[in-house]
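Have the sequence and the 3D view open as you read.

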Amino acid sequence: MKPQDNIIEWAILIGLFKATCEQQAMLIGVPKREAKLIFNRWMKEGDKLLKIIERESNLQKLEAVTEFIENAAHEIRKANEVSKL
């Protein structure tokens with residue numbers, strides 16, 4: 001893997017994590033106790049990783065990847081709403 005490929009893979013990973021953090025807000029009150037405890041630990045560790053990677057990354061690129069992922073999630077929700085009609 002070329003170094004520039006590695007950079008985009010990190011951007012995708014962090015974009016996914018940031019989108020996951022925002023998605024978590026959609027599930028407030030939904031997870032069961034054990035799942036919620038595990039998820040909260042994962043979020044705390046992910047936040048630590050995010051800070052490390054953001055320090056050494058192009059924040060505009062990370063934001064663009066995150067926005068792309070969030071838009072895709074929005075399209076999935078819209079498609080689901082349409083299929084319910």
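## Before we start

Glu54, for example, is partly exposed, with a relative accessible area of 26%.

Keep in mind that this is a predicted model, in which local features need pLDDT of at least 70 and side-chain atom pairs count only at pLDDT 80 or more, while totals for chains, interfaces and linings use all residues. Residues are numbered from 1 along each chain as its sequence is written, and side-chain values use heavy atoms, with hydrogens and water left out.

## The overall layout

Of its 85 residues, 18% count as buried.

The protein exposes about 7,000 Å², and carbon and sulfur atoms supply 61% of that; these areas come from the Shrake-Rupley method with a 1.4 Å probe, and for residues only the protein chains shown count as cover. Now take contacts, meaning heavy atoms within 4.5 Å. Among those between residues at least 6 apart in sequence, 80% join residues at least 24 apart.

## The nonpolar core

In soluble globular proteins, nonpolar side chains tend to be buried together. A nonpolar core is a set of buried Ala, Val, Leu, Ile, Met, Phe, Trp, Tyr and Cys residues joined through side-chain atoms within 4.5 Å. Here the largest one has eleven residues, including Ile14, Phe17, Met43, Leu50 and Val65. Helices H1 (3-24), H2 (33-55) and H3 (59-84) each give two or more residues to this core, and H1 provides the largest share, five residues.

What does Ile14 touch, once residues up to four places away in sequence are set aside? Its partners are Leu50, Ile53, Leu62 and Thr66.

## An aromatic pair

A search of the whole structure turns up one aromatic pair. Phe17 and Trp42 sit edge-to-face, 5.5 Å centre to centre, with 75 degrees between the planes. Phe17 is in helix H1 and Trp42 in helix H2, so the pair ties together parts that are 25 residues apart in sequence. (Rings of Phe, Tyr and Trp, using its six-membered ring, pair if their centres lie within 6.5 Å; planes under 30 degrees apart are stacked, over 60 edge-to-face, and the rest tilted.) Phe17 is buried at 8% relative accessible area, while Trp42 is partly exposed at 42%.

Is Lys18, one of the residues involved, buried or exposed? Lys18 is buried, with a relative accessible area of 17%.

Glu54 and Lys18 meet in a salt bridge of 3.8 Å, N to O, linking helix H2 to helix H1 across 36 residues. Glu63 also bridges to Lys18, with the closest N and O atoms 3.2 Å apart. Glu63 lies in helix H3 and Lys18 in helix H1, so that pair ties together parts 45 residues apart in sequence. Within helix H2, Glu45 forms a salt bridge with Lys48, three residues along, about one turn of the helix. Through shared partners, salt bridges join Lys18, Glu54 and Glu63 into one network.

Methods:
Buried < 20%, exposed > 50% of the residue type's maximum accessible area, 1.4 Å probe, protein only. Helix = DSSP H or I, 4+ residues; strand = E, 2+ residues; numbered from the N terminus. Salt bridge = Lys/Arg side-chain N within 4 Å of Asp/Glu carboxyl O.
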